[in-house]
Amino acid sequence: YRYWELVRRLRPTTIVETGGQSGGSALFFMDALRTFDILDAPVVSVDVPGRWDGLVLEAEHPVVLVRRDCLDLEAVATVRQAVDAAARDAGRRRLLISLDSVHTEKHVTRELALYAPLCEPDDYLVIEDTDHNGRPVLADYGPSAAEAVEKFLKDGAPFEPDREIEKIGGPFTNSPGGWLRRTG
């Protein structure tokens with residue numbers, strides 16, 4: 001529900017996801033965009049090659065598959081080019097990014113450093129699985145996405161958690177505190 005509501009409200013010109021794995025989330029995002037008649041906004045999926053790539057490429061929606069590690073600087077440059085091209089084509093820019101690859105603190109900290117600068121005011125950056133490391137699941141996971149988000153915000157990143165979006169669909173989310181809106 002939360003992503004659907006973000007797509008409805010934001011009407012993004014691009015959706016970027018890391019950790020696309022087999023393509024299921026790319027197809028989900030394409031479906032959400034089509035539901036709200038946003039037919040020209042590409043989904044940019046960043047991950048190593050997956051078994052569903054063919055289905056994603058056959059979808060009747062613009063998609064950019066970046067088949068590299070999401071921390072690879074060439075992958076980030078390709079994402080930036082896709083975001084910029086979509087903004088030029090749409091005559092405006094609005095971005096939704098979902099970070100959903102590896103959920104360790106170290107990895108998410110690096111993802112935030114690479115992908116947060118792509119966001120402009122009112123864009124969204126969603127960090128998935130901040131519920132790890134006993135928050136409340138996987139108590140033995142070790143430092144996770146939640147710790148990375150806390151440090152990111154504490155260090156003055158121009159983002160704030162959107163508690164209204166977080167509450168949509170019920171009180172539980174696998175990403176508590178991870179639904180971030182760029183403020184400045």
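Helices α1 and α2 are oblique to each other. In this predicted model, helix α1 covers residues 2-10 and packs on α2 at an angle of about 45 degrees, with the two axes 9 Å apart. The crossing of α1 and α2 is right-handed. On the side of α1, the residues involved are Tyr3, Trp4 and Val7, and they meet Phe28, Phe29, Asp31, Ala32, Leu33 and Thr35 in α2. By residue type, the contact of α1 with α2 comprises seven nonpolar residues, one polar residue and one charged residue.

Two further helix pairs can be described in the same terms.

Helix α4 (residues 73-90) packs against helix α5 (residues 105-115) at an angle of about 40 degrees, and their axes are 11 Å apart. That angle makes α4 oblique to α5. The crossing by which α4 passes α5 is right-handed. Leu73, Val76 and Val79 of α4 make the contact with Arg110, Leu114 and Tyr115 of α5. Five of the residues in the contact of α4 with α5 are nonpolar, none is polar and one is charged.

Helix α5 also packs with α6: the axes of α5 and α6 come within 7 Å and cross at roughly 45 degrees. This makes α5 oblique to α6. α5 passes α6 in a right-handed crossing. Glu105, Val108, Thr109 and Leu112 of α5 form the contact together with Ala145, Glu147, Ala148, Val149 and Phe152 of α6. The contact of α5 with α6 divides into six nonpolar residues, one polar and two charged.

Helix α6 spans residues 145-154, and Ala145, Ala146, Glu147, Ala148, Val149 and Phe152 are buried in this helix. The elements that cover the buried residues of α6 include helix α5 and the strands β5 (124-127), β6 (159-161) and β7 (179-182). After α6 comes Gly156, which has a positive phi near 95 degrees.

Positive phi values also occur at two aspartates. Asp37 has a phi near 55 degrees, a positive value in a residue other than glycine. The position of Asp37 is in the loop between α2 (24-35) and β2 (43-46). Asp129 likewise has a positive phi, near 65 degrees, and is a residue other than glycine. Asp129 belongs to the loop between β5 and α6.

| Residue | Relative accessibility | Class |
|---|---|---|
| Asp37 | 54% | exposed |
| Ala85 | 26% | partly exposed |
| Arg93 | 18% | buried |
| Asp129 | 13% | buried |

The classes follow from cut-offs: buried means under 20% relative accessible area, exposed means over 50%, and partly exposed lies in between. Asp37, at 54%, therefore counts as exposed, whereas Asp129, at 13%, counts as buried.

Ala85 is located in helix α4. Its relative accessibility is 26%, so Ala85 counts as partly exposed. Ala85 and Thr14 are 71 residues apart in sequence, while the C-alpha to C-alpha distance between them is 9.5 Å.

What does the side chain of Arg93 reach at 2.3 Å? It reaches the backbone oxygen of Leu118. Arg93 itself is in the loop between α4 and β4 (95-99), and its relative accessibility of 18% means that Arg93 counts as buried. A polar contact of 3.0 Å joins the side chain of Arg93 to the side chain of Asp123. When residues up to four places away in sequence are not counted, Arg93 touches Thr13, Val83, Asp84, Ala87, Leu118, Cys119, Glu120 and Asp123.

Note on methods
Residues numbered from 1 in each chain as written. Predicted model: local features only at pLDDT ≥ 70, side-chain atom pairs only at ≥ 80, totals over all residues. Heavy atoms only, no water. Axes fitted to C-alpha atoms, helices over the stretch in contact; angles between N-to-C directions. Helix = DSSP H or I, 4+ residues; strand = E, 2+ residues; numbered from the N terminus. Parallel < 35°, antiparallel > 145°, perpendicular 65-115°, else oblique. Left-handed = near helix turned anticlockwise from the far one by under 90°. Contact = heavy atoms within 4.5 Å. Nonpolar A, V, L, I, M, F, W, Y, C, P; charged D, E, K, R; others polar. Buried < 20%, exposed > 50% of the residue type's maximum accessible area, 1.4 Å probe, protein only. Polar contact = N/O pair within 3.5 Å; in protein donor to acceptor, adjacent residues only side chain to side chain.
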